[in-house]
Every structure is written in C-alpha cells, then in structure tokens.
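Student: I have a structure open and want to work through it by questions. Where do we start?
Tutor: With one definition, then the elements in turn.

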Amino acid sequence: MSPLGSPETDLGKVLFERFVDLWNGEVDFADTPDFIADDFVVHSAELARYLGFPDSNRITTRDGLLDWVRAVRTLLHDVRFTTDPGPLRDGDYVAGGYTVTGRYAGGAPTATVAPGTPVRYTGMSIVRLRDGKLAEYWVLSDGLGLLSQLGAIPSP
C-alpha cells in the first residue's frame with residue numbers, strides 16, 4: 001500500500017476522488033474523457049434489473065458508465081457518496097469504502113415505497129488505473145439493502 005499522506009499528491013487517489021465526485025454530480029460528463037478510459041469496464045452483481053435498469057456488470061464503455069451514473073442520480077434525489085475508508089492505493093489499484101445517502105425519487109417499477117423515502121447503503125469500490133485513467137471498476141455494494149429499503153424485495 002502507499003504511504004499515508006494527502007490524497008491530492010497521488011494521481012490514483014486524485015482520480016478515485018474525481019470518480020466519487022462524478023457520482024455526486026460535481027463533474028461535468030464532458031470532462032470524463034480526461035480521467036476515464038473509453039473502454040471502461042464494470043464488474044458488479046446483477047441487481048440493477050430489480051429496479052428496471054440494465055445490469056451494470058455489462059458496462060464496457062465510458063458512455064455505459066455515464067448512463068449508469070445518470071440512472072442512479074435519477075433514482076435518488078440528493079444522492080451523496082462519501083468515502084470511508086480510503087482511498088487506499090496499491091500499484092495500479094485504488095480502493096475505498098463508501099456510504100450512499102439520498103431520497104428515493106420514484107419511477108422504479110418494482111419499488112413500493114413513496115417518493116421522498118430516505119435511503120442509505122454502503123459498499124466498496126476498487127478501480128484499476130491504466131495510462132493515467134480509470135479503466136476498470138469493481139463494486140460491491142449492499143444492493144439487497146437498497147432494494148429492501150425501496151420495497152423492491154421483501155425485508156429480511
């Protein structure tokens with residue numbers, strides 16, 4: 001792992017934080033070619049279909065990623081991703097835990113809760129760097145917890 005220090009001094013950590021900023025709506029999509037590879041690949045569980053979205057694990061382009069970001073930001077108002085712990089870097093890989101908060105915006109065909117319902121879930125992200133850009137993304141999130149909060153599956 002990299003020595004402790006300011007994330008701003010490590011390009012991988014800077015790119016990871018910029019990726020978080022993208023999810024938070026703080027990065028213009030037109031700026032993403034600067035830090036996300038054209039052939040960006042996502043590895044994730046197949047849970048999005050339960051909310052009426054295409055599965056994120058089939059994303060193989062930057063444009064596919066941006067469509068996914070739009071879908072999440074459409075599903076949740078006031079969505080906010082915060083990183084903790086991390087970002088941590090080891091070679092070409094940068095990882096961080098995250099917590100997502102927001103309010104359900106409505107529109108998911110399987111959700112049964114009212115729009116405005118608050119949601120909170122956690123996860124872990126790992127990105128791989130290639131040629132100074134983010135090229136690959138592994139995500140492990142509490143998607144079942146989110147689906148349960150939205151009433152899209154029975155509560156445990």
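Tutor: The expected span of a helix is 1.5 Å times one less than its number of residues. Keep in mind that this model is predicted.

Student: What span should the 13 residues of helix H1 have, and how far apart are its end C-alpha atoms?
Tutor: Helix H1 covers residues 11-23. At 1.5 Å a residue, its 13 residues should span 18 Å. The end C-alpha atoms agree with that, as they are 19 Å apart.

Student: Which residue caps the N-terminal end of H1?
Tutor: Look in the segment before H1, where Asp-10 is found. A side-chain oxygen there lies 2.8 Å from the backbone nitrogen of Gly-12. The capping residue is Asp-10.

Student: Is Asp-10 buried or exposed?
Tutor: The cut-off for buried is under 20% relative accessible area. Asp-10 has 14%, so Asp-10 is buried.

Student: Which side chain makes a polar contact with the side chain of Asp-10?
Tutor: Polar contacts need N or O atoms within 3.5 Å. Here the distance is 2.9 Å, and the partner is Arg-89.

Student: Which residues of H1 are buried?
Tutor: An α-helix has 3.6 residues a turn, so residues three or four places apart point the same way. Now read the burial along H1. The buried residues are Gly-12, Lys-13, Leu-15, Phe-16, Phe-19, Val-20, Leu-22 and Trp-23.

Student: Which residues touch the most other members of the largest nonpolar core?
Tutor: That core has 36 residues. The residues with the most core partners are Phe-19, Trp-23, Leu-65, Trp-68, Phe-81, Leu-134 and Tyr-137.

Student: Which residues is Trp-23 in contact with, leaving aside neighbours within four places in sequence?
Tutor: Contact means heavy atoms within 4.5 Å. By that rule, Trp-23 is in contact with Leu-65, Trp-68, Val-69, Val-72, Arg-73, Val-79, Phe-81 and Tyr-137.

Student: How many aromatic pairs does the count come to?
Tutor: Ring centres must lie within 6.5 Å to pair. The count comes to nine.

Student: What kind of aromatic pair do Phe-19 and Phe-40 form?
Tutor: A pair of aromatic rings is described by the distance of the centres and the angle of the planes. Phe-19 in helix H1 and Phe-40 in strand S1 are 21 residues apart. Their ring centres are 6.0 Å apart, with 45° between the planes, and the pair is tilted.

Student: How many residues apart in sequence are the parts that Tyr-93 and Trp-138 tie together?
Tutor: The rings have their centres 6.0 Å apart and their planes at 50°, so this pair is tilted. Tyr-93 is partly exposed at 40%, and Trp-138 is partly exposed at 29%. Tyr-93 lies in strand S4 and Trp-138 in strand S6, so the parts tied together are 45 residues apart.

Student: Which residues does Gly-86 touch, not counting those up to four places away in sequence?
Tutor: Gly-86 sits in the loop between strands S2 and S3. At 32% relative accessibility, Gly-86 counts as partly exposed. The residues touched are Glu-17, Ala-95 and Gly-96.

Technical notes
Residues are numbered from 1 along each chain as its sequence is written. This is a predicted model: local features need pLDDT of at least 70, side-chain atom pairs count only at pLDDT 80 or more; totals for chains, interfaces and linings use all residues. Side-chain values use heavy atoms; hydrogens and water are left out. Helices (H or I, at least four residues) and strands (E, at least two) are DSSP runs, numbered from the N terminus. Buried means under 20% relative accessible area, exposed over 50%, partly exposed in between (1.4 Å probe, protein chains only). A polar contact is a pair of N or O atoms within 3.5 Å; within protein, one must be able to donate a hydrogen and the other to accept it, and residues adjacent in sequence count only if both atoms are side-chain atoms. A nonpolar core is a set of buried Ala, Val, Leu, Ile, Met, Phe, Trp, Tyr and Cys residues joined through side-chain atoms within 4.5 Å. Rings of Phe, Tyr and Trp (its six-membered ring) pair if their centres lie within 6.5 Å; planes under 30 degrees apart count as stacked, over 60 as edge-to-face and the rest as tilted.
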